[in-house]
Amino acid sequence: MPAPSAEPALASLKLKPNAKSRALAGHPWVFANEVEALLPAAHDGEVVECRDRAGRALGSGIYNSRSQICWRRLARERVMLDETWLRAAIARAVARRDEMDAVASAEKGPGNGQGGGAAAGDIVARRLVWSESDDLPGVVADQFGDTLVVQIQTLAMEKRRDVLGRLLAEIVSPREIIFRNDATIRRLEGLDMEVSTFSGKPWEPRWMRIDGIDYWLDLQGGQKTGFYLDQRGQHRLVARHARGRRVLDAFCNQGPFALHCARAGAASVLGLDSADDAIGQARRNAGRNGLSAEFAAANVFDFLNDPARRADTWDLIVLDPPPFAKSKSALDGALRGYKEINLRAMQHLAPGGILATYTCSHHMHDAELRQVLAEAAADARRRVRVLEFCHQPADHPVLVTMPESEYLRGYILRVE
């Protein structure tokens, strides 16, 4: 009887002899300048293996010759990116979130978990898939009640978009899946930008309640996936310091920090954002919830530097800016920007005031943020103490071998 045929060999990349690739230490990425030769374009969007200079396998991953990141590991063993593998990866990711929600609910009681259902009328709001951290490189999926918002940022996953949509529909049972494939990062993979729905029908904006507050959400046309779920825990944490205080919410977007502080009993709340549409939405959200908060369209740097406001002070300032460092080459300029905005905030805080400050630039590490805050405190001649160390929530898991999977850092500080 003839022996069964072996599985066809995978195409293989090989690291350069002198390459100091982070993949050798477990990082899931290999860059094009780290391999001896790129594979033909016929392999783009498919699974190939990668080997070190001694020929030892680093794993199997998705390949794209058009991307600077030419290989992204799926697993250390040989795998095929077929429906069976995708179903298992999605099911694992969802199961992890279910377990997180169950643990949070048991430990903290109703109203404090990362998942939904925390207060009467709340929707389930959580990140279901976080790219490499969930073995699905380039796939981000957020759940807003009965709607999923999915971003696909790699060629291999884009080629399997219909399968991904069908499996998410099978495993999560949403009413709709919105594909927000409009992030500029897709261009680095040679992908077009587009927005579509799984059903082919438009998704109409609507009110959704998250952590006891109603928001008018445009999941198909709003920023990114429609709402910044990574800051949900921080909204509640900052609000604990708000009672009786004058609050300034800088870079407020649609107002969640401001609204939570107003609900917690702040003496006054002012939210600032440079985007007129965000300010309009924040005002609408405040009115819907019957909360007293003012919002104004303004450049935060100009606002805090205005000589006419030199004597203005607040008791609590929130700084949650967009990423200043969108690339490693922009980090030096970003550090100057973060120092400037934190310095101005410290100068405008009353003695004993609270500063909640964040960065969502994954190129900026905690030591750099700490140094920026130390320099700002020294220049402001203020004594600053740490009250809370802040980071992204558990449903945005961090791979210890991949610093890029950790992007949200912050501090809640007392400024004396």
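Select Arg166 to begin: Arg166 is partly exposed, with a relative accessible area of 37%. Buried here means under 20% relative accessible area, exposed means over 50%, and partly exposed lies in between, with a 1.4 Å probe and protein chains only. The model is predicted, so local features need pLDDT of at least 70 and side-chain atom pairs pLDDT 80 or more, while totals for chains, interfaces and linings use all residues. Residues are numbered from 1 along each chain as its sequence is written, and side-chain values use heavy atoms, with hydrogens and water left out.

**Stop 1: salt bridges around Arg166**

Glu83 and Arg166 form a salt bridge, with their closest N and O atoms 3.0 Å apart. The two belong to distant parts of the chain: Glu83 is in helix H1 (residues 83-108) and Arg166 is in helix H3, 83 residues apart. A salt bridge is a side-chain nitrogen of Lys or Arg within 4 Å of a carboxyl oxygen of Asp or Glu. Helices (H or I, at least four residues) and strands (E, at least two) are DSSP runs, numbered from the N terminus. Glu83 is partly exposed, at 30% relative accessible area.

Next, select Arg161 and Glu158. This pair also forms a salt bridge, with the closest N and O atoms 3.9 Å apart. Both Arg161 and Glu158 are buried. Now show Glu83, Arg87, Arg166 and Glu170 together: salt bridges that share partners join these four into one network.

**Stop 2: Glu404 and Arg22**

The whole structure holds 33 salt bridges. One to select is Glu404 with Arg22, whose side chains meet at 2.9 Å, N to O. The pair links distant parts of the chain, 382 residues apart: Glu404 sits in the loop between strand E18 (384-391) and strand E19 (409-415), and Arg22 in the loop between E1 and E2. Glu404 counts as buried at 15% relative accessibility, whereas Arg22 counts as partly exposed at 36%.

Ala19 lies between strand E1 (12-14) and strand E2 (29-31), and counts as buried at 17% relative accessibility. Leaving aside neighbours within four places in sequence, Ala19 is in contact with Leu24 and Glu34, where contact means heavy atoms within 4.5 Å.

**Stop 3: Asp230**

Go to the loop between strand E12 (213-217) and helix H4 (232-239), where Asp230 lies. Asp230 is buried but has no salt bridge; Arg127, the nearest side chain of opposite charge, is 6.2 Å away. For charge, Lys and Arg count as positive and Asp and Glu as negative, while His and the chain ends are not counted.

Show Tyr407 next. The side chains of Asp230 and Tyr407 make a polar contact at 2.5 Å. A polar contact is a pair of N or O atoms within 3.5 Å; within protein, one must be able to donate a hydrogen and the other to accept it, and residues adjacent in sequence count only if both atoms are side-chain atoms. Beyond four places in sequence, Asp230 is in contact with Pro393, His396, Tyr407 and Leu408.

**Stop 4**

Select residues 256-263, helix H5. Seven of the eight residues are buried, so H5 is largely enclosed by the rest of the structure. The buried residues are Pro256, Phe257, Ala258, Leu259, His260, Cys261 and Ala262. After H5 comes Gly265, with a positive phi near 100°.

Phi of Phe251 is near 60°, a positive value in a residue other than glycine. Phe251 is buried, at 17% relative accessible area.

Ser173 also has a positive phi near 60°. Look for Ser173 in the loop between helix H3 (161-172) and strand E9 (176-181). Ser173 is exposed, at 57% relative accessible area.

**Stop 5: the largest cavity**

Finally, select Ile62, Tyr63, Asn64, Ile69, Cys70, Arg72, Thr154, Leu155, Ala156 and Glu189, which line the largest cavity. A cavity is a set of points, on a 1 Å grid over the protein atoms alone, where a 1.4 Å probe fits but cannot get out; lining residues have an atom within 4 Å of a point. About 50 Å³ of space lies inside the largest cavity. The volume is the space filled by probe spheres set on the points, which are joined across faces, edges and corners. Colour strand E5 (69-75) separately: E5 gives the largest share of the lining, three residues.

Key: On a 1 Å grid over the protein atoms alone, a cavity is a set of points where a 1.4 Å probe fits but cannot get out, and a pocket is an open set with protein on both sides within 12 Å along at least five of seven lines; lining residues have an atom within 4 Å of a point.
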